[in-house]
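The sequence and structure are shown below.

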Amino acid sequence: MNVKMHELKGVSEEVANALKTHEIYDSDKFLAAADHPKERAALAAKLGIHEKDVLELANRADLARINRIGKVYADLLEHAGVDSVIELRNRKPENLLQKLTEVGTEHDVKRLPRLEEVQDWVTQAKTLDRAVHH
C-alpha cells in the first residue's frame, strides 16, 4: 500500500517539504530512493538528516506496503521488534500476536489485532520482494 510521506511516523514537516523538493511524495518513491545504503546516505545528505533516520523511515515505508497496517499497528510491530517486511515474513503469527499483546498492554494500545489480521500480514509479507537492503 502506498502512503503519503507526511503520513509516516517520524516524517516532520521539514523533512516532508525537503522530500517534495526531490519529487518524493509517497512511500513507494521513498523506498526507491532509499533502498540501498549508498542511496540512503545520499538522500540523508540531501535532506540534512542522519542516515539512521532515513533507514528508520525506509523501514516504516516498507511496512506500509502491507494492507491494513496503519500507524498504530506499525508502531506496535516496531515495539515488538518487527521493523520490516523481511522480519514480518519470518514470524509465526501466533507467537507474534502474543508479543503484540504484551507490547500493546505496555503501550496502552486500545485495539489489538486479531490472529486473522496478523496471519494476513505475514502472508502478505511473504509475497513482497525485499525493498530495503543492508
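Which residues in H7 meet which residues in H8?

## Contact of H7 with H8

The model is predicted. On the H7 side, the contact is made by Pro93, Glu94, Leu96, Leu97 and Leu100, and these meet Leu115, Val118, Gln119, Trp121 and Val122 in H8. By class, eight of these residues are nonpolar, one is polar and one is charged.

Helix H8 covers residues 115-127, and its axis comes within 9 Å of that of H7, with a crossing angle of roughly 120°. Angles of 65 to 115 degrees count as roughly perpendicular, and H7 and H8 are therefore classed as oblique to each other. The crossing in which H7 passes H8 is right-handed.

## Contact of H5 with H7

Helix H7, residues 93-106, also packs with H5, at an angle of about 100° and with the axes 9 Å apart. The two helices are therefore roughly perpendicular to each other.

From H5, the residues Leu76, Leu77 and His79 take part, meeting Leu96, Leu100, Val103 and Gly104 in H7. This contact comprises five nonpolar and two polar residues, with no charged ones.

## Contact of H3 with H4

Another helix pair is formed by H3, residues 37-47, and H4, residues 51-63. Their axes come within 8 Å and cross at roughly 115°. H3 and H4 are therefore roughly perpendicular to each other, and H3 passes H4 in a right-handed crossing.

In H3, the residues Arg40, Ala41, Leu43 and Ala44 meet Glu51, Val54 and Leu55 in H4. The class division here is five nonpolar and two charged residues, with no polar residue.

## The largest pocket

How much space lies in the largest pocket? The volume is about 220 Å³. The lining consists of 14 residues, of which Glu7, Leu8, Ile69, Gly70 and Lys71 are the closest to the centre of the pocket.

By class, the lining has seven nonpolar, one polar and six charged residues. Helices H4 and H5 (71-79) each supply at least two residues of this lining. Which helix gives the most? That helix is H5, with three residues.

Terms used:
Residues numbered from 1 in each chain as written. Predicted model: local features only at pLDDT ≥ 70, side-chain atom pairs only at ≥ 80, totals over all residues. Heavy atoms only, no water. Axes fitted to C-alpha atoms, helices over the stretch in contact; angles between N-to-C directions. Helix = DSSP H or I, 4+ residues; strand = E, 2+ residues; numbered from the N terminus. Parallel < 35°, antiparallel > 145°, perpendicular 65-115°, else oblique. Left-handed = near helix turned anticlockwise from the far one by under 90°. Contact = heavy atoms within 4.5 Å. Nonpolar A, V, L, I, M, F, W, Y, C, P; charged D, E, K, R; others polar. 1 Å grid on protein atoms, 1.4 Å probe; cavity = no way out; pocket = protein on both sides within 12 Å on 5 of 7 lines; lining within 4 Å. Points joined across faces, edges and corners; volume = space filled by probe spheres on them.
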